[in-house]
Amino acid sequence: MFIDFLRNNKIAAGLLTVLRLYLGWSWLTAGWGKVTGGFDASGYLNGVVANETVAATYPTYHAFIENFALPFAGTFSFMVAWGELLVGLGLILGVLTTAAAFFGIVMNFAFMFAGTVSTNPWMVLITIFILAAGYNAGKFGGDRWVIPYLRTVIFRGKLDKTATEIA
């Protein structure tokens with residue numbers, strides 16, 4: 001019943017738009033500061049590696065940071081800065097909202113696994129509602145035009161064939 005409300009109700013779409021704009025603004029401002037300010041993730045990554053709690057609680061994540069992310073800190077700096085900016089733009093414009101929310105929640109969990117709490121749990125909670133709502137979360141945004149375009153022009157019945165083949 002609640003999922004049906006989130007996915008189909010116009011009032012829910014309006015509430016989700018407010019949440020989406022708030023969340024998008026949070027991501028956009030964080031990303032913009034990193035893109036324009038010469039962000040370098042190596043200090044943060046070194047802090048994660050030095051954090052004994054992260055090593056004990058999430059050993060595979062710790063190994064990933066130490067052996068993969070830290071040696072490629074420049075690439076990760078670029079990905080985090082532009083990722084935050086693009087997630088923010090997607091959420092604010094309501095374009096590919098579900099994809100933007102998904103990548104945002106992945107970054108939130110990565111930050112939390114690294115031992116950073118900040119506003120990440122709050123952002124995860126809001127993102128769960130946006131993901132559960134699916135298309136309705138971007139109904140009052142660019143998804144109103146982008147999603148039908150993708151379904152009719154880009155995929156041209158491929159989604160229907162897959163559904164009938166499965167059944």
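Me: So a helix here is a DSSP run of H or I, at least four residues long, and a strand is a run of E, at least two long. What percentage of residues 120-138 is helix, and how far apart are the end C-alpha atoms?

Reply: Bear in mind that this is a predicted model. In it, residues 120-138 are 74% helix and 0% strand, with 22 Å between the end C-alpha atoms. An unreviewed UniProt entry lists this stretch, along with residues 89-114, as "transmembrane region". Residues 89-114 come out at 85% helix and 0% strand, and their end C-alpha atoms are 25 Å apart.

Me: How do I read the faces of a helix? Which residues of α5 are buried?

Reply: General idea: an α-helix has 3.6 residues a turn, so residues three or four places apart point the same way. Now take α5, residues 59-69: Tyr61, His62, Ile65 and Ala69 are its buried residues. Looking down the axis of α5, you find them within an arc of 105°, so they line one face of the helix. Thr60 and Asn67, on the other side, are exposed.

Me: And what do the buried residues of α5 pack against?

Reply: Their partners are α3 (42-50), α4 (52-57), α6 (73-93) and α7 (97-113).

Me: Now cores. Which residues have the most contacts inside the largest nonpolar core?

Reply: A nonpolar core links buried residues such as Leu and Ile through side-chain atoms within 4.5 Å. The largest one has 16 residues, and Leu16, Leu23, Trp27, Leu91 and Ile130 have the most contacts inside it. Two or more residues come from each of α2 (10-37), α6, α7 and α8 (120-133). Another core, of ten residues, lies apart from that one and includes Tyr61, Ala69, Ala73 and Phe76.

Terms used: Residues are numbered from 1 along each chain as its sequence is written. This is a predicted model: local features need pLDDT of at least 70, side-chain atom pairs count only at pLDDT 80 or more; totals for chains, interfaces and linings use all residues. Side-chain values use heavy atoms; hydrogens and water are left out. Buried means under 20% relative accessible area, exposed over 50%, partly exposed in between (1.4 Å probe, protein chains only). The arc is that of the directions from the helix axis to the C-beta atoms. Contact means heavy atoms within 4.5 Å. UniProt positions are given in the numbering used here, feature names are shortened, and annotations may be inferred rather than shown by experiment.
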